[in-house]
Amino acid sequence: MTNNSCIVIVSLIGVLLFTIISNVASSNDVVSTICPKTSNPPFCSSVLKSAGTADLKGLAVYTLNLAHTNARKSLTLAKSLATTTINPQLKQRYSSCAESYDEAVGDIENAQKDLALGDFNAVNIVTSGAMTEIDDCQDKFAQPPKDMSLLLKNGKTLNDICSIILVISNLL
């Protein structure tokens, strides 16, 4: 009976190790396939490795959720800056950015719905729309006065996340 128990335990450990090694290899394969095609490969690698899955649809869900959270935070920040900023030029820019981020949030929510329906082309289209909205906001700060908030940094991060989503949606 003891020999059988040892064999079972050794077998279970072997299966567990194989599963872990397979998941790590699969995760690395996915990262090496997706990330070089994005706007920020090191950021992509960090995001995808934290996703906890190597499944493409799971990665799409994860990155869309991340994008949604980031877009909502950016929308809240833009609205807050629009109401608290004294400089009239910045106030106008932040108000315009709030509108852009509101549109981006809607685009990302549509992408989430499209993903659930399996319409990966639509995911790609509306994610591109979100990126355009973010770029519209970013472009407003090309001239002085300079934005000293985190809004532009958040926008860059959101565009990098959307870049990952575009690559994933093309692979689905």
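Student: Is Tyr 94 buried or exposed, and what is its relative accessible area?

Tutor: Tyr 94 is buried, and its relative accessible area is 3%. Bear in mind that this is a predicted model. The limit that matters here is 20%: a residue under that relative accessible area counts as buried.

The ring of Tyr 94 has a partner. Counting aromatic pairs by the distance between ring centres gives 1 pair. It joins Tyr 94 to Phe 141, with the ring centres 5.5 Å apart. The two ring planes stand at 40 degrees, so the pair is classed as tilted. The reasoning is that stacked needs planes under 30 degrees apart and edge-to-face needs over 60, and the rest count as tilted. Phe 141 is also buried, because its relative accessibility is 10%.

Tyr 94 belongs to helix H4, which covers residues 88-117. Phe 141 is in the loop between helix H5 (120-139) and H6. The pair therefore ties together parts that are 47 residues apart in sequence.

Helix H4 also holds Ser 100. This residue counts as buried, since its relative accessibility is 8%. With neighbours within four places in sequence left aside, Ser 100 is in contact with Glu 133, Asp 136 and Cys 137.

Helix H6 comprises residues 151-171 and packs against helix H3, residues 56-84. The angle between H3 and H6 is about 155 degrees, and their axes are 9 Å apart. That angle makes H3 roughly antiparallel to H6, because angles over 145 degrees fall in that class. The crossing of H3 past H6 is left-handed. In the contact of H3 with H6 there are 17 nonpolar residues, 5 polar ones and no charged ones.

H6 packs with H2 as well, at an angle of about 70 degrees and with the axes 10 Å apart. H2 and H6 are therefore roughly perpendicular to each other. On the H2 side, the contact is made by Phe 43, Cys 44, Val 47 and Leu 48. On the H6 side, it is made by Thr 157, Asp 160, Ile 161, Ile 164 and Ile 168. The residues of this contact between H2 and H6 divide into 7 nonpolar, 1 polar and 1 charged.

Ile 164 leads on to one more residue. Pro 36 is 128 residues from Ile 164 in sequence, yet the C-alpha atoms of the two are 9.9 Å apart in space. Pro 36 sits in the loop between helix H1 (2-34) and helix H2 (41-49). Pro 36 counts as exposed because its relative accessibility is 57%, whereas Tyr 94 is buried. Not counting residues up to four places away in sequence, Pro 36 touches Val 31 and Pro 41.

Finally, here is the chain as a whole. The protein chain has 6 helices and 0 strands, so its elements run α-α-α-α-α-α from the N terminus on. Of its 172 residues, 40% count as buried. Among contacts with a separation of 6 or more, 72% involve residues 24 or more positions apart.

Terms used. Residues are numbered from 1 along each chain as its sequence is written. This is a predicted model: local features need pLDDT of at least 70, side-chain atom pairs count only at pLDDT 80 or more; totals for chains, interfaces and linings use all residues. Side-chain values use heavy atoms; hydrogens and water are left out. Axes are lines fitted to C-alpha atoms, for helices over the stretch in contact, and angles run from 0 to 180 degrees between N-to-C directions. Helices (H or I, at least four residues) and strands (E, at least two) are DSSP runs, numbered from the N terminus. Angles under 35 degrees count as roughly parallel, over 145 as roughly antiparallel, 65 to 115 as roughly perpendicular and the rest as oblique. A crossing is left-handed if the near helix is turned anticlockwise from the far one by less than a right angle, and right-handed if clockwise. Ala, Val, Leu, Ile, Met, Phe, Trp, Tyr, Cys and Pro count as nonpolar, Asp, Glu, Lys and Arg as charged, and the others, Gly among them, as polar. Rings of Phe, Tyr and Trp (its six-membered ring) pair if their centres lie within 6.5 Å; planes under 30 degrees apart count as stacked, over 60 as edge-to-face and the rest as tilted. Buried means under 20% relative accessible area, exposed over 50%, partly exposed in between (1.4 Å probe, protein chains only). Contact means heavy atoms within 4.5 Å.
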